[in-house]
Amino acid sequence: MILRSYLISFTTPYMMTKHIFKYTFLCLFFLSNAQKENSSSFIDVNMYSGNIARHNDNITHLIQGHPNGFIIGWNKRVSGEKIWHSQYNYPEFGASFVAQNFNNSMLGSSYGVYGHYNFYFLKRRLMLRFAQGISYATNPYDKLKNPKNIAFGSDLLSGTYLMLNYVRPQIFGPIGVQAGATLLHLSNANIKAPNTSINSVTFNVGLTAALDSNKETKEIETFNEDINKKIRFGLIFRTGVNQSDVVGTPQFPFYIFSAFAEKRINPKSLVMIGGEYFNSKFLKEYIYYQSVAYPENNIAHDLDYKRIGVYIGHELLFGRFSVQTQLGYYVYSPFDFEGRVYNRIGVKYYLSSKWFVSATLKSHTAKAEALEFSLGIRL
C-alpha cells in the first residue's frame with residue numbers, strides 16, 4: 001500500500017519532470033565523453049507549461065489551471081546518403097514520450113508515444129519538430145462519472161505536437177540547452193463522441209545530451225536528380241469508422257473514392273487536384289436524428305447524405321514518405337454538415353512508384369470528422 005502511494009505521487013508529470021531532469025543531467029554528464037558539436041545522435045528532456053487554447057466556445061468550462069509536463073526525445077541525424085537529406089539540411093528523426101498534466105480534474109492527464117522529425121534553420125540554431133503519435137487519456141468522458149469532459153470521448157487519442165526551439169548543443173561537454181514554444185493537440189478524430197479536442201499552447205525549456213562522437217555526414221550531389229514532371233493520374237480509396245457529435249449514437253464505416261491529377265514541381269514538392277465521392281454512414285443516421293429531434297428545422301428524414309467534393313493539395317516529399325495537405329469544397333452536399341469547406345492533413349508512404357498508403361485527418365477547420373486510412377495507385 002505504501003509502495004502504491006509512492007508510485008502514484010511519483011508519476012505525476014511535475015514530480016517525474018523533476019526527477020528525470022536531475023538524473024538525466026547527472027548520469028549523462030558523467031557517463032558521456034566530451035563530444036564535438038553536431039553529434040549524430042542525442043536525447044533531450046524538456047519541461048513545458050502553458051494554457052489551453054479556446055478553439056471552441058463549448059470547452060470554456062475546461063479551461064482551468066495551466067497544463068504542464070515533460071517531453072523526452074531520442075534523436076538521430078540522417079546519414080546524408082539520400083538526396084532529400086541534403087535538400088532538407090540534414091534533419092533528424094526520432095521518438096519521444098510526452099506526459100501532460102492538465103491540472104484539471106475533468107481532463108486528468110495524458111501520456112503518449114510519438115515519432116518525429118527535427119528540421120533546422122539559421123545555421124542549425126533554430127529547430128522545428130513535427131511529431132505524430134498515440135496518447136492515453138486517464139479521465140475521458142463518462143456520462144455518469146465525468147460528463148463534463150466533452151474534449152475526449154475515448155481514452156486512446158491521436159496526438160500531434162509542434163516544437164520550435166532555439167538550440168545550443170554541447171556547451172558543457174555533451175550537455176546542451178534549448179528553449180522555445182510547443183503546441184500540443186489531442187483528439188480521437190471523431191471516432192467516438194464527444195470530441196471537441198484540446199490544444200495546449202506552451203513554453204518549454206530543456207537539456208540535450210550527445211550520445212556519440214561527431215560523425216561525418218556523407219554528402220551527395222543533387223543537381224543531377226532526374227525528376228519526372230509529367231502530369232500523372234491516380235485513384236484513392238479511403239475508409240475508417242466515425243460517429244456523429246450526438247453522444248451514444250453508433251459508430252459507422254465510411255467510404256471515400258477519389259480521382260486525382262498530380263504534377264511534381266521540384267525535388268521537394270508536388271501539387272494535385274482531385275475530386276471525391278463521400279459515402280459516410282454516420283451522416284445518414286445524423287440526418288434522421290435531426291429530423292426527429294428538431295422537426296422545426298424541416299429536415300427530411302430521407303435527405304441524401306452523400307457528398308461530392310473537389311480539392312487542391314500539396315505534398316512535401318521525404319524519400320518514400322511525404323506530408324500532404326489538402327483544401328476541399330463540397331460541390332454536392334444536400335445536408336449542410338459543418339459547412340462546405342473541408343481540409344485534410346496526413347502522411348503518405350510510397351510502397352512503389354505506383355502504389356501508396358496514407359493516414360489522414362479530415363476536418364472542417366478545427367472540427368475533426370474522420371481519421372482516414374487509404375490505399376492508392378498512380379495510373
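Predicted model: local features only at pLDDT ≥ 70, side-chain atom pairs only at ≥ 80, totals over all residues.

Trainee: What is the volume of the largest pocket?

Mentor: The largest pocket has a volume of about 790 Å³. Its lining comprises 35 residues. Nearest the centre of the pocket lie Gln-132, Thr-160, His-185, Ile-345 and Leu-361.

Trainee: Which strands supply at least two residues of that lining?

Mentor: They are β5 (126-137), β6 (156-172), β7 (175-187), β14 (341-350), β15 (355-364) and β16 (367-378). The strand that gives the most to the lining is β6, with six residues.

Trainee: And how does the lining divide by class?

Mentor: The lining of the largest pocket has 17 nonpolar residues, 17 polar residues and one charged residue.

Trainee: How many cavities of 30 Å³ or more does a search of the whole structure find?

Mentor: The search finds one.

Trainee: Which residues line the largest cavity?

Mentor: Val-98, Gln-100, Ser-110, Gly-112, Tyr-114, Ser-135, Leu-184, His-185 and Leu-186 line it. Two or more of the lining residues come from each of β3, β4 and β7. By class, the lining of the cavity has four nonpolar, five polar and no charged residues. His-185 is worth noting here: this residue is among those nearest the centre of the largest pocket, and it also lines the largest cavity.

Trainee: Turning to charges, how many salt bridges are found in the whole structure?

Mentor: A search of the whole structure finds twelve. One of them joins the side chains of Glu-315 and Lys-348, at 2.5 Å from N to O. Glu-315 lies in strand β12 (residues 307-318) and Lys-348 in strand β14, so the pair ties together parts that are 33 residues apart in sequence.

Trainee: Are Glu-315 and Lys-348 buried or exposed?

Mentor: Glu-315 is buried, because its relative accessible area is 0%. Lys-348 also counts as buried, because its relative accessibility is 4%.

Trainee: Which residue does Arg-124 form a salt bridge with?

Mentor: Arg-124 forms a salt bridge with Glu-92, and the closest N and O atoms are 3.6 Å apart. Arg-124 is in the loop between β4 (109-121) and β5, while Glu-92 is in strand β3 (residues 92-101), so this pair ties together parts that are 32 residues apart in sequence. Both Arg-124 and Glu-92 are buried.

Trainee: What about the pair Arg-54 and Asp-57: how far apart are N and O?

Mentor: Their side chains meet in a salt bridge at 3.8 Å, N to O. Arg-54 counts as exposed, because its relative accessibility is 55%. Asp-57 counts as exposed as well, because its relative accessibility is 59%.

Trainee: Which residues are linked in a network of salt bridges?

Mentor: Arg-238, Glu-276, Arg-344 and Glu-372 are linked in such a network.

Trainee: Changing topic, which residues form the nonpolar patch on the surface?

Mentor: The patch is formed by Ile-273, Ile-308, Val-310, Ile-312, Leu-327, Tyr-329, Val-331, Tyr-332 and Val-341, with about 810 Å² of accessible area together. The most come from β13, with four residues.

Trainee: Now the backbone. Where is there a cis peptide bond?

Mentor: The bond from Ala-193 to Pro-194 is cis, with omega near -5°. Pro-194 is in the loop between β7 and β8 (198-210). In general, most peptide bonds are trans, and most residues other than glycine have a negative phi.

Technical notes:
Residues numbered from 1 in each chain as written. Heavy atoms only, no water. 1 Å grid on protein atoms, 1.4 Å probe; cavity = no way out; pocket = protein on both sides within 12 Å on 5 of 7 lines; lining within 4 Å. Points joined across faces, edges and corners; volume = space filled by probe spheres on them. Nonpolar A, V, L, I, M, F, W, Y, C, P; charged D, E, K, R; others polar. Salt bridge = Lys/Arg side-chain N within 4 Å of Asp/Glu carboxyl O. Buried < 20%, exposed > 50% of the residue type's maximum accessible area, 1.4 Å probe, protein only. Patch = residues over 30% accessible without salt bridge, like charges linked within 9 Å, V, L, I, M, F, W, Y side chains within 5 Å. Areas by Shrake-Rupley, 256 points an atom, 1.4 Å probe, with all protein chains shown as cover.
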